[in-house]
There are 2 protein chains.
Amino acid sequence: MKDFKRLSLRQQNMLRFMSEYTGERGFPPTIREIGERCDIASTSVVNYNLNKLVEAGYLQRSGKVSRGLRIIRDIPGVAPLHRLATNSNSPRVALVGRIAAGEPISLPEDIAHHIEEDDYVAVPQEFLGGFDENEVFALTVRGDSMIDSMIQDGDIVILRQQSTADNGEMVAAWLPEDSETTLKHFYREADSIRLQPANAAYDPIFVHPANCQIKGKVLSVMRSYG
Amino acid sequence: MKDFKRLSLRQQNMLRFMSEYTGERGFPPTIREIGERCDIASTSVVNYNLNKLVEAGYLQRSGKVSRGLRIIRDIPGVAPLHRLATNSNSPRVALVGRIAAGEPISLPEDIAHHIEEDDYVAVPQEFLGGFDENEVFALTVRGDSMIDSMIQDGDIVILRQQSTADNGEMVAAWLPEDSETTLKHFYREADSIRLQPANAAYDPIFVHPANCQIKGKVLSVMRSYG
DNA sequence: AGTATACACGAACATATGTTTGTATGTCAA
DNA sequence: TTGACATACAAACATATGTTCGTGTATACT
């Protein structure tokens, strides 16, 4: 059984993507989805490398069925977030950082490590959108750059970790070219991504998919005056 | 959200099968596989019942993709695929009504009477502003008349019952002459009261003190996208 | 009777998706 | 050079799979 480092970079990427995807959606990706995300042009190449991963003992495949993949070994770097102790019965969500124009947010690798005791916020069950508290995190909003989404300085946004999104969902997106993180509604267009503010008075932003990195989707917002 | 026992026997079977299948194989079953195992002759019937399960809050579906199923609630008799958060012991606050332009809110006498079991919302301690939960109530915002305060339709505002306010506090004010309830920042001027929107683009409202009845001050705002 | 609603069936439909084939390009050893 | 091997690509293929539609059958209510 090969060591993870012995796999080709492409195969490592595939494993990482499959693991993340499955964690986010609840089912594995298709061959073509793997190809898109790992910059593999041909489905047969994905198929080829999947078989290599089976040989290496990382994967099980159920032949001829869609999404017939199952990862059977842990993958460095995408280890599942460990459960964090809590006293309260109320779900406690990791408050991992601040989101603001011009600053990146470091996710998800850093979550498990950089958390301290105080960096939690209690969140009622109803505001977790049915997701497990372990795949949910919170950010404090800094600055007024999200005003057009009815979110202001000091708000706490609750998000679910995921790197993809469905149309209409509100996401935290990191725009590398602009060195900016923003909260917008997500829409996949023909060959670009439309980031739509909540307020109709503001114009949408169009970005190339390569310049749009989804960090998570917004489940809820909490604000305290005082 | 329906109780498990309220589901049809067929739907219960489907849930059990989906959960077991996913646990065994690592990916959810197809519509046809569900049909076979649950003695359902037509794929459309499976599809129909899957949508029912989504309505009941047990399932998430990713449209148009194969095996696009995810169980999001525990199912009696089946080992849970992932841990779901436990019941909350957060303070529970009475959700006494809706606030909207043109509609009065009946406070505080009716609070004790009109409340039913569902009319509570769990609120984390941090969002009660240090007040006792018994003197705090919640309102659902209806309409977009409060957009200028970064509060939108569907938001839940947490308020403390009080009939006066300090300058700068955000209050729910009932304006008898206009038959209107509104959320604004409160400022006492020489011989009038200024109700100031949060957004500078909007003009303040000046009212005579006799035409301004404070219902409570806003402690926090909670919003769930769902 | 008629109407509405919930649930079920089967067939046709569109396409998502795994598989296969033929070919090309690199490296490495003989 | 040659040949073997690993890896990559594109196109064609077969079918698995979600969706839609027309219909039927109960039950309950007017």
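Student: Which strand does strand 7 of chain B pair with, and in what sense?
Tutor: Strand 7 (residues 170-175) of chain B pairs with strand 11 of chain B in the antiparallel sense, over 4 bridges. Keep in mind that this is a predicted model.

Student: Which residue stands opposite B:Val171?
Tutor: B:Lys217, in strand 11 of chain B.

Student: And how many bridges link strand 6 of chain B to strand 11 of chain B?
Tutor: There are 6 bridges. Strand 6 covers residues 156-161 of chain B, and the pairing is antiparallel. In that pairing, B:Gln161 stands opposite B:Gly216.

Student: What about chain A? How many bridges join its strand 11 to strand 11 of chain B?
Tutor: 5 bridges join them, and the two strands run antiparallel. For a spot to look at, find A:Ser224, which stands opposite B:Ser220.

Student: Is strand 11 of chain B largely enclosed or largely open?
Tutor: Largely enclosed by the rest of the structure, because 9 of its 12 residues are buried. The strand spans residues 213-224 of chain B.

Student: New topic: DNA. How many residues surround DNA strand C?
Tutor: 24 residues surround DNA strand C. The closest are A:Ile31, A:Ser44, B:Ala41, B:Ser42 and B:Ser44.

Student: Which helices supply at least two residues each there?
Tutor: From chain A, helix 2 (31-37) and helix 3 (43-55) do. From chain B, helix 3 (43-55) does. Helix 3 of chain B gives the most, with 6 residues.

Student: How do the residues near DNA strand C divide by class?
Tutor: They divide into 6 nonpolar, 12 polar and 6 charged.

Student: Now DNA strand D. Which residues are closest?
Tutor: A:Ala41, A:Ser42, A:Ser44, B:Ile31 and B:Ser44. DNA strand D is surrounded by 24 residues.

Student: Which helix gives the most to that surface?
Tutor: Helix 3 of chain A, with 6 residues. Helix 2 (31-37) and helix 3 of chain B each supply at least two residues as well. By class, the surface near DNA strand D has 6 nonpolar, 12 polar and 6 charged residues.

Student: Back to helix 3 of chain B. At what angle does it pack with helix 1 of chain B?
Tutor: About 85 degrees, with the axes 10 Å apart. The two helices are therefore roughly perpendicular to each other.

Student: Which residues meet there?
Tutor: B:Arg10, B:Gln11, B:Met14 and B:Leu15 in helix 1 meet B:Asn49, B:Lys52 and B:Leu53 in helix 3. This contact divides into 3 nonpolar, 2 polar and 2 charged residues.

Technical notes
Residues are numbered from 1 along each chain as its sequence is written. Chains are lettered from A and ligands numbered from 1 in the order in which they are written. This is a predicted model: local features need pLDDT of at least 70, side-chain atom pairs count only at pLDDT 80 or more; totals for chains, interfaces and linings use all residues. A residue is near a molecule or strand if its C-beta atom, placed from the backbone, lies within 6 Å of it. Ala, Val, Leu, Ile, Met, Phe, Trp, Tyr, Cys and Pro count as nonpolar, Asp, Glu, Lys and Arg as charged, and the others, Gly among them, as polar. Axes are lines fitted to C-alpha atoms, for helices over the stretch in contact, and angles run from 0 to 180 degrees between N-to-C directions. Angles under 35 degrees count as roughly parallel, over 145 as roughly antiparallel, 65 to 115 as roughly perpendicular and the rest as oblique. Two residues are in contact if their C-beta atoms, placed from the backbone, lie within 7 Å. A residue is buried if 20 or more other C-beta atoms lie within 10 Å of its own, exposed if 12 or fewer, and partly exposed in between; C-beta atoms are placed from the backbone. Two strands pair if DSSP finds at least two bridges between them.
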